[in-house]
Every structure is written in structure tokens, then in C-alpha cells.
Amino acid sequence: MILAKRIGKIKPSPTLAIDGKCKALAAKGVDIVNFGVGEPDYDTPVNIQEAAIKAIRDGFTRYTAVGGIPELKEAIIAKFKRDQNLDYRPDEIVVSCGGKHSLYNLFQVLFDQGDEVIVPAPYWVSYPPMLILAEATPVIVPTQEENGFKLTPETLKTSITSRTKGIVLNSPSNPTGSVYTRKELEALAEVVLAHKLLVVSDDIYDRILFDNQEFINMAQLGPELKALTFVLNGVSKTYAMTGWRIGYMGGDEAVIKAVTKLQSQSTSNPTSISQKASVEALNGPQETVTAMVKEFAWRRDDILARLAKIPGVSCARPGGAFYVFPNFSKYFGKLKSGAAGSYSDALAEYLLEEAHVATVAGSGFGEDTCIRFSYATSRERIATGLERLEQALKKLG
């Protein structure tokens, strides 16, 4: 069977691949400490579950409006106003089947063949493939561990060409957990405005912040920037609703209309039941979010302290999300390079086989010196996993 050329241009998601491998090993009785999966280890809060059950019992199980039910759009508008002081109208909001779906749809309607889109590295693994599927060119711009893997105005300026149309920003970041400050975003905003770049602001971790940090995105910096920015979010990370598949975005009305049209010819509406649950998530009590973030902060501090005790390992301090992205390059000389010459792949494979510790190689995030750990797992499993990691590294000499 001859496949379409476009599918040959991308690779499977490495994060989902490692999760599948872990589940296969666990099914064979192997005790795997899984730091690979990027989802909270909490159950969806009971009030949200009950809202979904009520929707089923009320018979709310049919097609809805393609871009989301009015009740959910109003809840999203209220969330944007409450949390970011951003004003949107219903025709500037669209709901999709998860945050990834929102991004995919947006890339499809914004970018054409030949358009360049700046993607700071390390990046979430799906940004480049989704841009390639839109026939755009992802321009990967490396950042430095020394400044928390954050893009600087100077680096942004030197990456812009006559074909640059947009930039993707993710704060708090997957995989690094880095968070842009207001001052840092204001400096980048000067370059964005000077070149009229479209900004894709992936805010999926906006509520998972530590150390009393302020969340800020480009749209909050003024009307001109809001007009250039598309704010994307979802309920998956904040409310432990990864399987419910609800993402959303706010932005220019014409673009939102185009996204809705595209969605009408692909998935149609997001799941009706999940939409009702998401209304409750956004409008209901938020205490479970506060408790979850407090626990993640403890785990971050614990895993950083444990990593700091391992010789040769450095790690930028995350300000949000639930990942650490430590640098293991001091150990690479003791390994044979893995897939396509990637040392991080080789080390991740070694840790899985030798220590039964699952991580995600940094190569998939555009930074081969590092490996991503998700600490969305229990305190006990973090302790066990880091002990196994330390012993496995000692065996390398």
C-alpha cells in the first residue's frame, strides 16, 4: 500500500510511544516507575464527574454546535476575564477535541506552504510535526539552560526572515517547566510588534505555577498584541481531565470562524458530555486545583533535591507545569548513541532496561542533552525511581 507523502514527513509522538511501552511492560509484570506520561495522577474531581453523569441522565448525548455549546463558551469567556483580564465574545471562542486538536486546527488555517514559524527549543514534541502537516516550515531556535531555556529578544530577532509569519510560545513550558516573566514577555513583544508576528500562546499549564509566580501571556500586554495572539488552553491538565478531550482557544473572529469550518469537516463537535463536565470544571469550586498545585510544588522540590545529589547532573529550576528536564550529557560518553545518533534516546533506553525507569528522551523536544521526567506520580514512586536512576548511572562508571 502506498501512503500519502505527508505522513512520511512526521514521526509518532515519543511521549505516547514511551507510555505505550510502559503499559506493555507492566502487563508482563515488570515494575516500571513511569516518569514519561504528561498527565496528572489525580482522578477528575467528583463535582465534574457528577456533571457528566447528569448530562448522560438528562439525555445530553447528541450533536452540539460544532464550535462548542453556548454555556461552555460563556464559561471560557468568564475564565479568560477572571484569570487573565482578557475580554472575548462568543464568536471569538471555539472549543475542540483537546488542546492538541486546537493547535492542529489553528496551524491548518493560519499557515501556508513557505511560511516560517519560530519554535523555541526545547519545545513540546507535537509543534514541529503539526506545522509540517500544515506545509509550514518550523524554524527551531535553541535556547540556553543557563537562562531557564527561555527565548531572548536578540535570538528572536536573528531568527526572523521575510517569510516568518508566527511564533509559538508555551509558558509554563513542556518539557522544561520554565515560565516567562512579564518583563521577559514585554521584551519579546517589542520584536513581535515590529514584525507583526502572529503569536500562538499555548497556555495549557497556566494554573500550575509555583513560588507565587504571575501567569502572563502575550495577549495581556495590550490591544495590539491581543489582536496578533491566539490563546489556547484546555481542561486536561488543570482539572485532571486528559481523557475528556476538551481544548479551546480565543482569538480573531475570522480565524475562529475558519477553525470552526475546518472542524465541521473533520471531527464535528467536541463530545457533548465532556462539554457539560467542562462547564462545571471552569465555573465550579477550584479548591482541588489549589491542592494539586501545592502537591506538585512539593514533588518538584523533592525531585530537584534528589537530582542535585547525583554527580554530573544539572537541572534548571521549573517555575510551573509538572516536569523537570535535567542535563545528563556528562554520562553520554559512556553510552553508544541511540536512534539517529541521539544520546538522550540511548540513555532513556538504558534507564528503561537497566533500572525499569521510564523517561522521555530530550531529542524529541529538540534538546539532546536532556531527558524529561514528569513528576505527576506519587511521592513514593519518585523516591523509588530516583534511587533506581542513581544506581543505574553508577553502573556506567
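Which residue lies over the face of Trp-298?

## Charges over rings

Arg-379 lies over the face of Trp-298, at 3.7 Å from the ring centre. The charged end of Lys-226 sits over the ring of Tyr-88, 4.3 Å from its centre. A charge sits over a ring if NZ of Lys or CZ of Arg is within 6 Å of the ring centre and within 35 degrees of the ring normal.

## Basis of the model

The model is predicted: local features need pLDDT of at least 70 and side-chain atom pairs count only at pLDDT 80 or more, while totals for chains, interfaces and linings use all residues. Residues are numbered from 1 along each chain as its sequence is written, and side-chain values use heavy atoms, with hydrogens and water left out.

## Aromatic pairs

The whole structure holds 15 aromatic pairs (rings of Phe, Tyr and Trp, the last by its six-membered ring, with centres within 6.5 Å; planes under 30 degrees apart are stacked, over 60 edge-to-face, the rest tilted). Phe-149 and Phe-325 form an edge-to-face pair, 5.9 Å centre to centre with 70 degrees between the planes. Phe-149 lies in the loop between strand S4 (137–142) and helix H6 (153–159), and Phe-325 in the loop between strand S9 (323–324) and helix H12 (343–355), so the pair ties together parts 176 residues apart in sequence. Helices (H or I, at least four residues) and strands (E, at least two) are DSSP runs, numbered from the N terminus.

Phe-149 is buried at 6% relative accessible area, and Phe-325 is buried at 2% (buried is under 20%, exposed over 50%, partly exposed in between; 1.4 Å probe, protein chains only).

## Aromatic cluster

One aromatic cluster is formed by Tyr-42, Tyr-205, Phe-296, Phe-322, Tyr-323 and Tyr-375.
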